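Here are my notes on the model, point by point. Have it open while you read.

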Amino acid sequence: MLIWAAEEEHNPLLPPLGEIIIGLIAFAIVLFVMFKFVAPQFEKAFVARRDAIEGGIERAEAMQAEAKAALEQYRAQLAEARTEAAQIRDAARAEGQQIIEELRAQAQEESARILARGEEQLASSRQQVVNELRGQIGTLAVDLAGRVVGESLADDARRSGTVDRFLDDLDGMTAASSDGRGGSSVYVPQDAR
Amino acid sequence: MTSSALALGDVLAANGEGFEAPGLGEFYPEVIANFSVLGVDFEITRITLILWIATLALVAFLYLASRNAKIVPGKLQFVGETGYSLVRDGIARDVVGPRGLPFAPFLASLFFFILANNLMAIIPLAQISPMSKFAFPLVLAAICWVLYIYIGIREQGAGRYFKDILFLPGVPKPMYILVTPIEILQNFVVRPFTLAVRLFANMFAGHMLLVVFSLGAVYLFQVGNYSVVFGPVSALMAIVMTFFELLVIFLQAYVFTVLMGTYLNGSIEAEH
């Protein structure tokens, strides 16, 4: 009942000044904290979050570009390697051809040389035989003639040099009659190529 | 001792006198301390204490939620950020407009301050919102009133701002006789008054409803006749109304902030 008595003084739409001031102070505190601490912190977090998301996207894009570049480079390198391999193959083939050519030329040269040396040897041994025969033929002929005549003509023949002269004449005759036919002492290289 | 407890005592003491409905005394609890500064009387009641508890709890919550705000928020930061983003994106950016973001902290303060105080309406032992005292909504409405007029003058210039209010563009000249007084009343009286009264009346009525149903249940249980049957109905209604009150608590905090957003929008952008 006391309450009812007190209520007569109260008008709920006419607040006392003290309450208004208290309300102002309370709200001012909330405003201060909000402006000073809360809003900047949240805004910072929002910015950081946006940066993180955008940065993540950017990083992913950069990574993709990098991967693409690497793929391009790899492909280019592969193509380069292929052409290089082809070049090496061609070069090797050419070189092989060249080596074969060289070897063939060398072999031909070798065979020609061997041939030449054989002929030379042949010629020199022939000359040797001829020289040997020349000496023996002289003594044989003189011996034979001496036996036919009955006395030794060896001293005379040696003295006069008849046999040698005869043989020289014989040589001269063959050389004049067939040029180089019998006398193969001179090798003429036939250059086939 | 709370005023509700006093009323409860009255109810329990009412022997055959019938149900004493709780009245305005609910909002004028006994004065705990009384002092005067520079001729202004301050009466500290439990509602004043509830205001300070709500304010300090809010400040502590906001500080802890925003301290070391991280990219990946913790639970507390998430709750704080959700509330802040609701105001920042939903009101400051979408209602006030593209230039509204600087007002986000103010609007968020408004929202959180009203919400924290309103929530005291259903928190056990407190169970009354300081916003059901007209002084506190009035303070907020007055601040809003000063702010949106100041912003209007700052953004549009005093001449343009008041001219647009006095002579609404695009209205036929004879209509000014009717429109101009309405616009003046609307912008300088009705807006702040409705802002304050809407919040105050909602919390006031909400509290009265809860008290009436709660005390009614007690009365019906102890009155001693067949009325006992209706006791549980009253108790159930008190519980249902508590949940309804929860809805009103959020809604009124949001509505107050959104309306302030539209007023700021009108001040920032040359309207019509």
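1. Helix 2 of chain B passes helix 4 of chain B in a right-handed crossing (left-handed if the near helix is turned anticlockwise from the far one by less than a right angle, right-handed if clockwise). Their packing angle is about 130°, and their axes lie 9 Å apart; axes are lines fitted to C-alpha atoms, for helices over the stretch in contact, with angles from 0 to 180 degrees between N-to-C directions. That makes helix 2 of chain B oblique to helix 4 of chain B. By the cut-offs, under 35 degrees is roughly parallel, over 145 roughly antiparallel, 65 to 115 roughly perpendicular, and the rest oblique. Helices (H or I, at least four residues) and strands (E, at least two) are DSSP runs, numbered from the N terminus.

2. A word on conventions: this is a predicted model, where local features need pLDDT of at least 70, side-chain atom pairs count only at pLDDT 80 or more, and totals for chains, interfaces and linings use all residues. Residues are numbered from 1 along each chain as its sequence is written, while chains are lettered from A and ligands numbered from 1 in the order in which they are written.

3. Contact here is C-beta atoms, placed from the backbone, within 7 Å.

4. Helix 5 of chain B packs on helix 7 of chain B at about 150°, axes 8 Å apart, so the two are roughly antiparallel. Their crossing is right-handed. Helix 5 of chain B brings residues including B:Leu138 and B:Trp145 to the contact, and helix 7 of chain B brings, among others, B:Leu195 and B:Phe200. The residues of this contact are 11 nonpolar, no polar and 1 charged.

5. Do look along helix 7 of chain B, residues 176-222: there is a bend of about 45° at B:Gln186 (the angle between axes fitted to the seven residues ending there and the seven starting there). Just after this helix, B:Gly224 has a positive phi of about 95°.

6. Now the interface. Chain B puts 40 residues into the contact and chain A 35. Helix 2 of chain B gives the most to the side of chain B that touches chain A, with 9 residues. By class, that side has 28 nonpolar, 6 polar and 6 charged residues.

7. How far to trust it? The predictor gives the complex an ipTM of 0.86 and a pTM of 0.68. Mean pLDDT (the predictor's confidence in each residue, from 0 to 100) is 83 for chain B, with 91% of its residues at 70 or more. For chain A the mean is 81, and 84% of residues reach 70 or more. Over residues 1-7 of chain A the pLDDT is below 50. Where pLDDT is low, the predicted coordinates should not be read in detail.

Terms used: Contact = placed C-beta atoms within 7 Å. Nonpolar A, V, L, I, M, F, W, Y, C, P; charged D, E, K, R; others polar.
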